[in-house]
Amino acid sequence: MGEPNFGDVHGPRQRECMLLLRCQLCRRPVARNELGYPWLLEDHRGAPGWPEREVTTHPPACETCQPLAAVQCTPNRGKFVSLRVGRVLTDGVYGQLYVPAARSVPNGKPQTFFHGDARLRWMLGAQTAATLFDVTVVDMHTQTPVPREAVRR
Ligand SMILES: [Zn+2]
């Protein structure tokens with residue numbers, strides 16, 4: 001009973017959906033249109049440059065699942081925005097860094113490091129992170145671009 005624990009991410013499934021561009025909800029491959037792949041992220045339209053080059057551990061979300069996810073997923077319920085992503089670079093690992101030592105202990109909070117970072121050998125990876133490029137904010141229901149004036153707040 002109660003609500004599903006949406007915040008508790010299943011590592012292998014997260015990785016599969018991110019690398020193979022499958023919907024994180026229904027697991028079907030997401031379809032690309034002329035603007036790119038469908039994505040659902042927490043709305044940060046106040047931040048400079050957002051959502052271009054956003055780094056996320058959230059895999060894509062298909063058009064069918066987006067409205068349901070936007071309503072049901074806690075704790076970000078009602079704070080999502082629909083995106084189309086032209087290019088996806090899965091070059092990051094989110095996880096827990098450890099102090100290099102014989103009996104290693106956690107070093108700070110979980111964070112994301114990128115391909116080539118020497119610290120990755122001391123990280124216990126939990127999720128694959130992607131950098132999103134050529135991102136367009138779209139209407140969740142029509143999947144058409146949102147006018148610029150609607151993007152600014
Ligand atoms: Zn789906």
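A residue is buried if 20 or more other C-beta atoms lie within 10 Å of its own, exposed if 12 or fewer, and partly exposed in between, with C-beta atoms placed from the backbone. I wrote that down before anything else.

**Entry 1: ground rules.** I'm looking at a predicted model, where local features need pLDDT of at least 70, side-chain atom pairs count only at pLDDT 80 or more, and totals for chains, interfaces and linings use all residues. I number residues from 1 along each chain as its sequence is written.

**Entry 2: confidence.** I looked up pLDDT, the predictor's confidence in each residue, from 0 to 100. The chain has a mean of 91, and 92% of its residues reach 70 or more. Among the elements, helix H3 (residues 148-151) has the lowest mean, 57, while strand S4 (residues 111-114) has the highest, 97.

**Entry 3: elements.** I took helices (H or I, at least four residues) and strands (E, at least two) as DSSP runs, numbered from the N terminus. I got three helices and five strands, in the order α-β-β-α-β-β-β-α from the N terminus on.

**Entry 4: strand S1.** Is S1 mostly covered or mostly open? Mostly covered: five of its six residues are buried. I then checked its partner, knowing that two strands pair if DSSP finds at least two bridges between them. S1 and S3 run antiparallel, joined by six bridges, and Glu42 stands opposite Phe80 in S3.

**Entry 5: the core.** A nonpolar core here is a set of buried Ala, Val, Leu, Ile, Met, Phe, Trp, Tyr and Cys residues joined through C-beta atoms within 7 Å. The largest one has 25 residues, and Cys23, Trp39, Ala61, Leu83 and Val85 have the most contacts inside it. Helix H1 (11-20) and strands S1 (37-42), S3 (80-97) and S5 (123-138) each supply at least two residues. S3 gives the most, with six.

Leaving out residues up to four places away in sequence, Val85 touches Gly36, Tyr37, Trp39, Leu132, Asp134 and Val135.

Entry 6: Most residues other than glycine have a negative phi, and most peptide bonds are trans. I found a cis bond joining Trp50 and Pro51, with omega about 5°; Pro51 lies in the loop between S1 and strand S2 (55-56). Arg53 is in the loop between S1 and S2 too, and its phi is near 60°. Arg53 counts as exposed because it has 12 C-beta neighbours inside 10 Å. Asp134, in strand S5, has a positive phi of about 50°. With 13 other C-beta atoms within 10 Å, Asp134 is partly exposed.

Terms used
Two residues are in contact if their C-beta atoms, placed from the backbone, lie within 7 Å.
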